[in-house]
Amino acid sequence: MSARTKEGGATTAPVLRKLAVAWTDFEARLDSTPLVRRLNRGLLTIDDYRALLMNLRQQVVDGACWISRAASNVDEAHFELRSTLMRHAATEHRDYRLIEADYVAAGGRLEDIRSGAKNVGSEALSAWMFAEASKPNPFGLLGAMFIIEGLGSIKAAGWGRAIARQLSLSDEAVRFLVYHGANDGDHMTEFEAMLAMVLPDPAVEARIVRCAEVTGRLYAMQIEDVR
Amino acid sequence: MTMLRDVFISGTGAFLPGEPVGQDRMEDYLGLVCGRRSAMGRRALHWNGIDTRHYALTPEGRPLHSNASMCAAAVRTALEAAGHAADDLDLLAAATTQGDYLAPGHAAAVHGELGCGPLETASFQSVCASSLMAAKAAWLAVRAGEAELAAATAGEFSSRWFRPHFYEGTALVDAKGRLAIEADFLRWTLSDGAGAAVMQPRPAGRGLGLRVDWIDMTSLAGRFDACMWAGSTKAARHDMKSAWSHAGPEAGFAQGAMALLQDFDQLKAVIRAWVGVYLDKVDAGRIDPAGVDHLLCHYSARSLREEIVRLLEQTGAMIPEARWFTNLATCGNTGSASIWIMLDAFLRSGRLKAGERVLCIVPESGRATVGFMMLTAVEGAGR
């Protein structure tokens with residue numbers, strides 16, 4: 001850990017604190033959605049899991065697209081952040097194929113998941129992401145990334161393992177969730193580096209936190225809508 | 001209109017039964033479930049970092065005290081320190097995870113043990129944070145002028161629940177005689193004791209007094225299932241109608257619903273939720289980490305502390321570890337009693353100086369609750 005981090009970085013600490021509060025609120029909301037309650041209680045059904053994948057896929061398809069759009073709206077003064085976002089989009093833009101493979105391994109039909117529609121929460125989340133990404137220097141989206149990547153690094157792997165155990169599925173059927181948990185390990189360090197590229201700036205800081213709050217609410221709504 | 005008054009802790013007391021029991025002698029007291037040594041013990045002890053603890057039992061399982069009598073002893077000590085006796089009390093607020101009886105409340109049992117005259121009682125039953133629920137009742141009563149002298153006490157007699165006959169013959173023990181982890185872990189974590197604090201509208205007569213600035217409690221039970229509980233099985237606990245109280249004591253026992261249990265997977269999310277409540281208070285300016293001179297945090301295990309330190313450092317919310325005070329390693333995790341046992345030892349340590357602020361934090365995994373108490377050291381009235 002760098003000395004700057006150890007001291008709680010004067011630049012990033014306040015925004016990280018607000019983001020951590022937004023994240024824990026998001027996690028508690030997520031844990032109280034019907035689907036995650038069933039998962040935590042050991043009552044998940046295979047239909048629940050397939051419905052989750054079906055709903056996630058429609059939103060994950062958009063994920064790399066809004067990050068790319070955000071990257072294209074980052075100006076020259078923030079060139080490094082643009083590079084990071086482009087790398088990020090490249091890493092994620094095939095993720096939805098993993099979801100499709102999991103869906104098939106879990107007994108679903110490829111044509112079904114490909115022809116699935118977004119639920120109301122996914123529609124809201126996606127529209128919000130694209131609207132935000134279309135603004136010049138859309139730094140607020142770092143808050144959205146904090147929420148979604150936190151989900152990957154903190155929740156996904158545990159969910160994947162619990163789903164495989166509860167539904168007696170092979171590892172092949174939970175790769176998207178388990179892979180995300182394994183790959184997003186050091187996202188806080190990476191995230192701090194991104195923050196440092198746009199801070200200090202009180203307006204940007206406030207926007208990042210607001211975006212995290214909105215993204216958390218809409219994401220929880222998406223999961224609430226999985227039926 | 002009556003003015004709200006400043007309230008001070010004018011005395012504290014701790015009661016730890018028997019001699020300190022080392023790690024190698026724990027099973028002498030708790031007994032062997034189905035005659036087997038626990039496979040969990042070493043791992044749990046490494047996790048919680050507790051060297052010695054106290055049990056209110058003899059190695060044969062005979063009780064030396066009751067939960068209520070230990071609380072009464074702690075209250076008497078606290079009253080003595082404040083220069084008072086039990087008959088001076090206006091209010092007795094008592095907390096525990098599980099009292100000696102199912103009903104009436106724990107405060108009635110403690111009052112009975114004190115054997116003093118009429119007073120007001122209030123019982124608080126939860127897990128660790130019940131201590132601060134009782135403290136808040138005592139604080140508010142004195143603050144509002146409803147009481148001149150109030151005692152808050154908390155006690156646990158956990159070991160009796162950990163004896164073999166609470167598990168043998170239940171679904172918590174498998175065909176090979178192994179106890180389920182959700183039950184066994186707590187046997188290696190919790191132990192017995194009681195603590196108390198006495199509150200008055202003036203500081204202690206001599207030495208340093210502690211002003212109680214505020215007590216904040218936050219429950220997140222609306223968002224989480226129970227994380228540490230007794231009364232239902234792990235699988236059915238989300239359904240209140242599954243509880244032993246509906247099934248009856250015999251069926252409840254057979255299901256393993258009577259034992260104290262912990263869900264470890266859920267604990268991780270609950271820890272994050274507690275940290276979130278703390279960070280929110282830092283962000284709102286309710287807690288200024290730089291302005292806290294001493295932190296007394298009831299963390300139930302050393303490893304919990306390690307898990308959260310990095311996040312606190314990254315978010316500028318860390319209180320430097322040199323300011324943390326604990327006696328968990330030597331006194332054990334006594335649940336609700338821990339914060340008073342810790343505060344009592346802290347005040348005796350001589351570390352506290354006039355004007356310093358002491359933050360007490362009591363997270364409770366029970367159903368995701370956390371309590372905070374801010375204290376300020378003031379010179380005693382006699383100086």
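**View 1. Arg367(B) and the residues around it.** In this predicted model, Arg367(B) touches Leu220(B), Ala221(B), Phe224(B), Asp225(B), Ala226(B), Cys227(B) and Met240(B), leaving aside residues up to four places away in sequence; contact here means heavy atoms within 4.5 Å. Arg367(B) sits in the loop between strand E12 (357–364) and strand E13 (369–379) of chain B. Helices (H or I, at least four residues) and strands (E, at least two) are DSSP runs, numbered from the N terminus. A polar atom of the Arg367(B) side chain lies 3.5 Å from the backbone oxygen of Ala221(B). With a relative accessible area of 29%, Arg367(B) is partly exposed; buried means under 20% relative accessible area, exposed over 50%, and partly exposed in between (1.4 Å probe, protein chains only).

As for the ground rules, residues are numbered from 1 along each chain as its sequence is written, while chains are lettered from A and ligands numbered from 1 in the order in which they are written. Because the model is predicted, local features need pLDDT of at least 70 and side-chain atom pairs count only at pLDDT 80 or more, whereas totals for chains, interfaces and linings use all residues; side-chain values use heavy atoms, with hydrogens and water left out.

**View 2. Helices H4 and H8 of chain A, side by side.** The axes of helix H4 (residues 46–72) and helix H8 (residues 120–133) of chain A come within 9 Å and cross at roughly 5°. That angle makes H4(A) roughly parallel to H8(A). Angles under 35 degrees count as roughly parallel, over 145 as roughly antiparallel, 65 to 115 as roughly perpendicular and the rest as oblique. The axes are lines fitted to C-alpha atoms, for helices over the stretch in contact, and angles run from 0 to 180 degrees between N-to-C directions. On the H4(A) side, the contact is made by Asn55(A), Gln59(A), Asp62(A), Cys65(A), Trp66(A), Arg69(A) and Ala70(A). From H8(A) come Ser122(A), Leu125(A), Ser126(A), Met129(A), Phe130(A) and Ala133(A). By type, the residues of this contact divide into 7 nonpolar, 4 polar and 2 charged; Ala, Val, Leu, Ile, Met, Phe, Trp, Tyr, Cys and Pro count as nonpolar, Asp, Glu, Lys and Arg as charged, and the others, Gly among them, as polar.

View 3. Apart from residues up to four places away in sequence, Gln59(A) touches Ser122(A), Leu125(A), Tyr219(A) and Gln222(A).

**View 4. Helix H6 of chain A and the glycine after it.** In helix H6 (residues 95–105) of chain A, the buried residues are Asp95(A), Tyr96(A), Leu98(A), Ile99(A), Glu100(A), Asp102(A) and Tyr103(A). Gly107(A) follows H6(A) and has a positive phi, near 95°.

**View 5. Backbone details in the loops.** Most residues other than glycine have a negative phi, and most peptide bonds are trans. In chain A, the peptide bond from Leu199(A) to Pro200(A) is cis, with omega near 0°. Pro200(A) is in the loop between helix H11 (187–198) and helix H12 (202–224). Ser168(A) has a positive phi, near 50°, and is found in the loop between helix H9 (141–167) and helix H10 (175–183). The relative accessible area of Ser168(A) is 67%, so this serine is exposed.

Chain B has its own examples. A cis peptide bond, with omega about 0°, joins Ala103(B) and Pro104(B), and Pro104(B) lies in the loop between strand E4 (91–96) and helix H4 (106–114). Leu102(B) is in that loop between E4 and H4 of chain B too and counts as exposed, at 77% relative accessibility. Cys34(B), in the loop between helix H1 (26–30) and helix H2 (41–48), has a positive phi of about 55°. This cysteine is partly exposed, with a relative accessible area of 38%.

How values were computed:
Polar contact = N/O pair within 3.5 Å; in protein donor to acceptor, adjacent residues only side chain to side chain.
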